[in-house]
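The sequence and the structure come first.

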Amino acid sequence: LLFAFLLCARIMMGRKELDAHAYQFLLTGGVGVAEQTSVARPSEREAPWLSAKSWGELSRAATMGGGLANIAADVAAHPGAWAPLAEAAEPHTLELPGGYQDKLTPFERVLVLRMLRPDKLVPAIAGFVVAALGAKFTEP
């Protein structure tokens with residue numbers, strides 16, 4: 001899967017379909033980039049599923065612009081809508097709330113899962129590779 005993902009990412013970057021900053025964000029979570037939001041993190045009572053690490057990554061996602069520019073504000077404003085994604089057994093199969101399913105590219109949807117559910121990044125990447133290159137690239 002790792003080789004298939006790297007191959008897919010390089011092909012997409014060569015075609016200008018994948019931004020290098022978004023790829024770097026996947027690898028680092030935006031560490032080293034200043035947080036770009038003045039939105040306060042939801043309280044523990046409002047969003048017990050939202051860790052400080054996830055909130056920091058959501059806040060730094062604004063640096064990439066595009067569909068992720070306002071995600072921190074949207075999560076803060078509607079934490080209940082995002083809770084099922086954070087608590088689901090298979091979040092990579094759910095639609096993103098708030099119109100983000102249609103607003104984001106497939107790679108940006110992987111980034112959302114990386115921010116909110118890093119434990120489910122492998123199945124999300126597998127789905128991304130299947131959608132981009134086909135199932136034959138993820139099968140042994």
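Q: Which residues does Leu 50 touch, not counting residues up to four places away in sequence?
A: This is a predicted model, in which local features need pLDDT of at least 70, side-chain atom pairs count only at pLDDT 80 or more, and totals for chains, interfaces and linings use all residues. Residues are numbered from 1 along each chain as its sequence is written, and side-chain values use heavy atoms, with hydrogens and water left out. Contact means heavy atoms within 4.5 Å. With that cut-off, Leu 50 touches Arg 41, Pro 42, Trp 55, Leu 58, Val 75 and Leu 116.

Q: Is Leu 50 buried or exposed?
A: Leu 50 sits in the loop between H2 and H3, where helices (H or I, at least four residues) and strands (E, at least two) are DSSP runs numbered from the N terminus. Buried means under 20% relative accessible area, exposed over 50%, and partly exposed in between (1.4 Å probe, protein chains only). The relative accessible area of Leu 50 is 2%, so this residue is buried.

Q: How many Å apart in space are Leu 50 and Leu 116, C-alpha to C-alpha?
A: These two residues touch, although 66 residues separate them in sequence. From C-alpha to C-alpha, the distance between Leu 50 and Leu 116 is 7.4 Å.

Q: What is the relative accessible area of Pro 42?
A: Pro 42 is also placed in the loop between H2 and H3. Beyond its neighbours within four places in sequence, Pro 42 is in contact with Ala 47, Leu 50, Trp 55, Val 75 and Ala 76. Pro 42 counts as buried because its relative accessible area is 7%.

Q: Which residues is Leu 58 in contact with, leaving aside its neighbours within four places in sequence?
A: Leu 58 is among the residues with the most contacts inside the largest nonpolar core. A nonpolar core is a set of buried Ala, Val, Leu, Ile, Met, Phe, Trp, Tyr and Cys residues joined through side-chain atoms within 4.5 Å. The contacts of Leu 58 are with Leu 50, Ile 71, Ala 72, Val 75, Met 115 and Leu 116.

Q: Which element gives the largest share of the core?
A: The largest nonpolar core has 41 residues, and Trp 49, Leu 58, Ile 71, Trp 82, Phe 107 and Val 112 have the most contacts inside it. Two or more core residues come from each of helix H1 (2-14), helix H2 (20-28), helix H3 (52-60), helix H4 (71-77), helix H5 (79-87), helix H7 (106-116) and helix H8 (121-133). The largest share, 7 residues, comes from H7.

Q: Which helices do the buried residues of H5 pack against?
A: The buried positions in H5 are Pro 79, Trp 82, Ala 83, Leu 85 and Ala 86. They pack against H4, helix H6 (100-103) and H7.

Q: Which residues does Leu 68 touch, not counting residues up to four places away in sequence?
A: Leu 68 is in the loop between H3 and H4. It is buried, since its relative accessible area is 1%. Its partners are Ala 61, Ala 62, Leu 104, Glu 108, Leu 111, Val 112 and Met 115.

Q: Where is Lys 16 found?
A: Lys 16 has a positive phi of about 65° although it is not a glycine. Its relative accessible area is 74%, so Lys 16 is exposed. Lys 16 is found in the loop between H1 and H2.

Q: How many Å apart in space are Ile 11 and Leu 133, C-alpha to C-alpha?
A: Ile 11 belongs to helix H1 and is partly exposed, with a relative accessible area of 30%. In sequence, Ile 11 and Leu 133 are 122 residues apart. Their C-alpha to C-alpha distance in space is 9.8 Å.

Q: How many helices and strands are there in the protein chain?
A: From the N terminus on, the elements run α-α-α-α-α-α-α-α. The totals are 8 helices and 0 strands.

Q: What is the radius of gyration of the protein chain?
A: The C-alpha trace spans about 45 × 30 × 25 Å along its principal axes. The radius of gyration is taken over C-alpha atoms, and the globule rule is 2.2 Å times the number of residues to the power 0.38. For 140 residues, a compact globule would be near 14 Å, which agrees with the value for the protein chain, 15 Å.
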